[in-house]
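Student: I have a protein structure open and would like to learn how to read it. Could we go through some features together?
Tutor: Gladly, let's look at it side by side.

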Amino acid sequence: MPDRAADGLPYGARAIALASESRLANQLWKAQLTVGAVQLALGKFSEARAQFEAAINTVELLRKNAAGGLRALQLLMTERPGPYYSLASLDIRDGRAFEALASVDRARARALTSLLSSSHAPSDRLSAPDRAEIGRAHV
């Protein structure tokens, strides 16, 4: 398996380069996530971590610059938790439980924020801790 996985690295690097050059962030995060998974399969954990973090940064950029209305924003985070969960699994492997929980919580908070921002439910019905979490997620 590692031999075949290594064969994919040049293609992944090319996909990242093309998506970056073309400013196709929606394709870029997918390529970064895939290259991270290949690096993980090869046992290159620091390289995998770097790719997962790059994919998260790209997803966050997409979230920040989302266009297409409230429904698009809502779907944006509910369909893109992969990099967050991949980073969490790597943190678990490294014995970094707190960091793993933080990654998963960040993904969930982003999805919840997107969902709540697209709904018409008044925020005064939320508990104080929930409102605080939503405030932190918008930062």
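Student: Let me start with a single residue. Is R23 buried or exposed?
Tutor: Keep in mind that this is a predicted model. To judge a residue, we look at its relative accessible area, and over 50% counts as exposed. R23 has a relative accessible area of 78%, so R23 is exposed. You will find R23 in the loop between helix 1 and helix 2.

Student: Now the whole chain, please. How many helices and strands does the protein chain have?
Tutor: Count seven helices and zero strands. Reading along the sequence gives the pattern α-α-α-α-α-α-α. The protein chain has 139 residues, and 34% of them count as buried.

Student: How do I read the contacts of the chain?
Tutor: Look at how far apart the partners are in sequence. Among contacts in the protein chain with a separation of 6 or more, 59% are between residues 24 or more positions apart. A5 and V38 give you a pair to look at: they are 33 residues apart along the chain, yet their C-alpha atoms are separated by 5.8 Å.

Student: Where is A5 found, and what does A5 touch?
Tutor: A5 belongs to helix 1, residues 2–21. Setting aside neighbours within four places in sequence, A5 is in contact with V38, A41 and L42. The relative accessible area of A5 is 9%, so A5 is buried.

Student: How do I read a pair of helices, such as helix 3 and helix 5?
Tutor: Compare the directions of their axes. The axes of helix 3 (residues 45–64) and helix 5 (residues 82–93) come within 8 Å and cross at roughly 150°. Angles over 145 degrees count as roughly antiparallel, and therefore helix 3 is roughly antiparallel to helix 5. The crossing of these two helices is left-handed.

Student: Which residues of helix 3 and helix 5 meet?
Tutor: From helix 3 come F45, A48, R49, F52, E53, A55, I56, V59 and E60, and they meet P83, Y84, S86, L87, L90, D91 and R93 of helix 5. By type, the residues of this contact are ten nonpolar, one polar and five charged.

Student: Is R49 buried or exposed?
Tutor: Its relative accessibility is 14%, so R49 counts as buried. R49 lies in helix 3. Not counting residues up to four places away in sequence, R49 touches L87, L90, D91, D94 and R96.

Student: Which residues make up the largest nonpolar core?
Tutor: There are twelve in all: A25, W29, L33, A48, F52, I56, V59, L62, Y84, L87, L90 and A107. Helix 2 (25–41), helix 3 and helix 5 are the elements that give two or more residues to this core. Helix 3 gives the most, with five residues.

Student: What is F52 in contact with?
Tutor: Leaving out neighbours within four places in sequence, F52 is in contact with L33, G36, A37, L40, P83, S86, L87 and L90.

Technical notes:
Residues numbered from 1 in each chain as written. Predicted model: local features only at pLDDT ≥ 70, side-chain atom pairs only at ≥ 80, totals over all residues. Heavy atoms only, no water. Axes fitted to C-alpha atoms, helices over the stretch in contact; angles between N-to-C directions. Helix = DSSP H or I, 4+ residues; strand = E, 2+ residues; numbered from the N terminus. Parallel < 35°, antiparallel > 145°, perpendicular 65-115°, else oblique. Left-handed = near helix turned anticlockwise from the far one by under 90°. Contact = heavy atoms within 4.5 Å. Nonpolar A, V, L, I, M, F, W, Y, C, P; charged D, E, K, R; others polar. Buried < 20%, exposed > 50% of the residue type's maximum accessible area, 1.4 Å probe, protein only. Core = buried A, V, L, I, M, F, W, Y, C linked by side-chain atoms within 4.5 Å.
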